[in-house]
Amino acid sequence: MAEAALYDTYSRAPLRFERGEGVWLISETGERYLDFGAGVAVTSVGHSHPHVVGALKEQADKVWHLSNIYEIPGQETLAKRLTDATFADKVFFTNSGAEALECAIKTARRYQFSKGHPERFHIITFEGAFHGRTLATIAAGGQEKYLEGFGPKAPGFDQVPFGDLDAVRSAITNETAAILIEPIQGEGGVRPATNEFLKALRAICDEHGLLLIFDEVQTGMGRTGKLFAHEWSGATPDIMAVAKGIGGGFPLGACLATAEAASGMKAGTHGSTYGGNPLAMAVGSAVLDVILAEGFLQQVRDVSLVFRQGLASLKDRYPDIIEDIKGEGLLLGVKAAVPSSELLQAIRDAHLLGVPAGDNVIRLLPPLVVTADEAREGLARLERAAESVRAAKVKKTA
Ligand SMILES: *Cc1c(COP(=O)(O)O)cnc(C)c1O
């Protein structure tokens, strides 16, 4: 088998897709699947969005790659648009989420260093977090299953229970630089931090001279019905990591920061060969056109309501299969009352795609362009899946 030539790092589903159209994926054998996984919250404006495809093709005919040795107008344009739309004053472009986090971590440490506090390099993180798979970000995430066998854990990450303010306070020392949190833990099982918690973290950071870093790699770019999830809370970070939905499927990430937080990042302190590549900038700007268009985020919130009502009704009717419904906007979690792998398989059999998460949760992360009709179609498929899991259970106990 040709796949033997690949690293064995992924346990892949035996599905081969050839084409995408909006919220649909079409397999090599011509079967249509409703894609509510969206490449794990990546294809934010759906597959093959004409405006985004057009922007990529247009840029492809001009220039693909330059280098950060030169000025890149596309970077300036996209950075200006991102800072206009957020708390931030400065942007560094990356190719992935983990790199956006690396930049965020380096920015926070370098800030403390530049203020005369090189000893302040520790970052407080939270149990259940996921920040990527680089050596620093697996240390930040603190999950044993990702750390095992890769040598000593990178120093400087102190983990406390999610939502525990007292633990945060007691973890602060004179070596602490920052606090890093996902406003909603995605991989961890769609676990939202409360608005009060995020606001309290902001206050603690201000009190102790720490920087607040939000990882909005999964929650950002309209996923929760606001451009960024923290906007729901009223708490604003100093630094924010963004990726996934920002490129709509093109490898793109960004680290956003206030001018003050980014003040330690002088010429030569950081870099990336591909980061801010003209193709990525053209696509990123086109994706932003769609997400910032009048009424787009309202539509995300409206469709979210259709999902939430439908999911609540399913939970009522299938309490033996669905234990709980979680999430915000179109970052939805179905906590299974059976092993989630069984429900996920049944969902796939119904030609609906979701994404596994921790805590026995299946994530539904449809493209943000999903319509109410498509949402209802997905709910109908989920119901068929729940029905078939129930039937299999009855058969087993009979
Ligand atoms: C996916 C994800 C990352 C890592 O992004 P990569 O592009 O896979 O490096 C980091 N943080 C969060 C919250 C994520 O969901």
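Analyst: The largest nonpolar core has 62 residues, and Ile-291 and Leu-343 have the most contacts inside it. This is a predicted model, in which local features need pLDDT of at least 70, side-chain atom pairs count only at pLDDT 80 or more, and totals for chains, interfaces and linings use all residues. Residues are numbered from 1 along each chain as its sequence is written, and side-chain values use heavy atoms, leaving out hydrogens and water.

User: What makes a set of residues a nonpolar core?

Analyst: Its members are buried Ala, Val, Leu, Ile, Met, Phe, Trp, Tyr and Cys residues, joined through side-chain atoms within 4.5 Å. Another core, of 25 residues, lies apart from the largest one; among its members are Ala-100, Cys-103, Ile-105 and Ala-262.

User: Which residues does Ile-291 touch?

Analyst: Not counting residues up to four places away in sequence, Ile-291 touches Ser-44, Val-45, Met-221, Leu-227, Phe-296, Leu-297 and Leu-368. Contact here means heavy atoms within 4.5 Å.

User: Why is helix 2 called roughly antiparallel to helix 9?

Analyst: The axes of helix 2 (residues 50–60) and helix 9 (residues 278–292) cross at roughly 155° and come within 8 Å. Angles over 145 degrees count as roughly antiparallel (under 35 is roughly parallel, 65 to 115 roughly perpendicular, the rest oblique), so helix 2 is roughly antiparallel to helix 9. The residues of this contact divide into 11 nonpolar, two polar and one charged. Nonpolar covers Ala, Val, Leu, Ile, Met, Phe, Trp, Tyr, Cys and Pro; Asp, Glu, Lys and Arg are charged, and the others, Gly among them, polar.

User: Why does Ala-41 count as buried?

Analyst: Buried means under 20% relative accessible area, exposed over 50%, and partly exposed in between (1.4 Å probe, protein chains only). Ala-41 has 3% relative accessibility, so it counts as buried. Ala-41 is in helix 1 (residues 38–41), and has a positive phi of about 65° although it is not a glycine.

User: Why does Asp-359 count as partly exposed?

Analyst: Asp-359 has 40% relative accessibility, so it falls in the partly exposed class. Asp-359 sits in the loop between strand 16 (355–357) and strand 17 (361–364). Its phi is near 65°, a positive value in a residue other than glycine.

User: How do you know that Glu-21 counts as partly exposed?

Analyst: The relative accessibility of Glu-21 is 34%, therefore Glu-21 counts as partly exposed. Glu-21 belongs to strand 1 (residues 17–21). Helices (H or I, at least four residues) and strands (E, at least two) are DSSP runs, numbered from the N terminus.

Terms used: Axes are lines fitted to C-alpha atoms, for helices over the stretch in contact, and angles run from 0 to 180 degrees between N-to-C directions.
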